[in-house]
Amino acid sequence: MQSGVAYPESGAFISGMGADFRDVDNDGRPDIWHTAIEGETFPLFRNAGGGQFTDVTMAAGLAHATRDMSGWSGGAFDFDNDGWKDLFVVRGNVQDNLALMSLRKSEEPNTIFRNLGNGKFQIDDAGPDLARAGAHRGAAFGDLDNDGRIDAVVTVLNGPVKYFHNVSSSGNHWLLLRLVGTKSNSMGLGARVAITMDDGSRQWNHPTTSTGYASSSDARVHFGLGRSKIVKDIEISWPSGTRQTLHNVPADRIVTVTEK
């Protein structure tokens, strides 16, 4: 099943495949990024507040870069732990017999768009394994080996599942939060987490399993911390309305936080 976004003024309709709803510019408001088929680009909508969103696809450098791509599942995660969420897209043409009708092939490589921290993204060289073409569809994200780096598991039509182990060697620090609700649901879904690092910079994220296309991901909340070794404050707004704050949490660890 495909969904889409219609623009009545122009008669345009963008096919939507997978989407993620996260704060990619560290301003405290979750943004929307979703994939589409070739010729449509992968739109990025910046949350302007007050229920308003601005299309920044062109300004972010994503319009030209994604115009010839067909994307399915996607996720916004900080793969290099530099403090800025990157964009991962699982690619493959919707026509699995495309080669019979054109010079194009249905198989495509997966792609990571690195967040440059200035509102722009660029295609990242994430190694030869990620660059191998395939009929990719779904993707689940999470730190599978608990080393602080987000991994991905990708499904392939008529093929084995691919496990992409993140081996980035940036030297950046990280924090992974496992939320346990008591008044709220047991996984803390719907909570909002804000952190302040030792350099004063801030980030926001939230626990969710709903990411991408036909996929379910790790609900733990991941933050890349860059060079910060201490998280000065962790502020959690639970779905129940409870607010909880932790202070001076060391980096490079998994922290379980139980709702009080």
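**Ground rules**

I work from a predicted model, in which local features need pLDDT of at least 70 and side-chain atom pairs count only at pLDDT 80 or more, while totals for chains, interfaces and linings use all residues. Residues are numbered from 1 along each chain as its sequence is written, and side-chain values use heavy atoms, with hydrogens and water left out.

**Cavities**

Grid points are joined across faces, edges and corners, and a volume is the space filled by probe spheres set on the points. I noted its lining, meaning residues with an atom within 4 Å of a point, as Arg22, Phe77, Asn205, His206, Pro207, Thr208, Asp218, Ala219, Arg220, Val221 and His222. I then sorted by class, with Ala, Val, Leu, Ile, Met, Phe, Trp, Tyr, Cys and Pro as nonpolar, Asp, Glu, Lys and Arg as charged, and the others, Gly among them, as polar. The lining of the largest cavity has four nonpolar, four polar and three charged residues.

**Largest pocket**

For open space I used the pocket, an open set of grid points with protein on both sides within 12 Å along at least five of seven lines. The largest pocket has a volume of about 500 Å³, and of the 24 residues that line it, Ile112, Ala126, Leu130, His165 and Asn166 are the closest to its centre. Its lining divides into eleven nonpolar, four polar and nine charged residues. For the elements I took helices (H or I, at least four residues) and strands (E, at least two) as DSSP runs numbered from the N terminus. Strand 8 (86–91), strand 9 (111–115), strand 12 (151–156) and strand 13 (159–164) each supply at least two residues of this lining, and the largest share, three residues, comes from strand 13.

**Nonpolar cores**

I counted a residue as buried under 20% relative accessible area, exposed over 50% and partly exposed in between (1.4 Å probe, protein chains only). A nonpolar core is then a set of buried Ala, Val, Leu, Ile, Met, Phe, Trp, Tyr and Cys residues joined through side-chain atoms within 4.5 Å. The largest such core has 18 residues, and Leu177 and Ile234 have the most contacts inside it. Two or more residues of this core come from each of strand 14 (173–180), strand 15 (192–197), strand 17 (221–226), strand 18 (230–237) and strand 20 (253–258). A second, separate core of 14 residues includes Val24, Trp33, Met69 and Phe113.

Taking contact as heavy atoms within 4.5 Å, and leaving aside neighbours within four places in sequence, I found Leu177 in contact with Val193, Arg220, Val221, Phe223, Ile234 and Val255.

Two strands pair if DSSP finds at least two bridges between them, and strand 14 and strand 17, running antiparallel, are joined by five. Within strand 17, His222 stands opposite Leu176.

**Hairpin and positive phi**

Strand 5 (residues 44–49) and strand 6 (residues 52–55) run antiparallel and are joined by four bridges, with Gln52 of strand 6 as the bridge partner of Gly49. Two residues lie between the strands of this hairpin, where Gly50 takes a positive phi near 65°.

I also checked two residues other than glycine. Asn26, in the loop between strand 3 (19–22) and strand 4 (31–34), has a positive phi near 55° and is buried at 17% relative accessible area. Asn146, in the loop between strand 11 (136–142) and strand 12, has a positive phi of about 55°, and its relative accessibility of 40% counts as partly exposed.

**Phe121**

Phe121 lies in strand 10 (residues 121–123) and, at 8% relative accessibility, counts as buried. Leaving aside neighbours within four places in sequence, its contacts include Val24, Leu44, Leu62, Leu87 and Phe113.

Methods. 1 Å grid on protein atoms, 1.4 Å probe; cavity = no way out; pocket = protein on both sides within 12 Å on 5 of 7 lines; lining within 4 Å.
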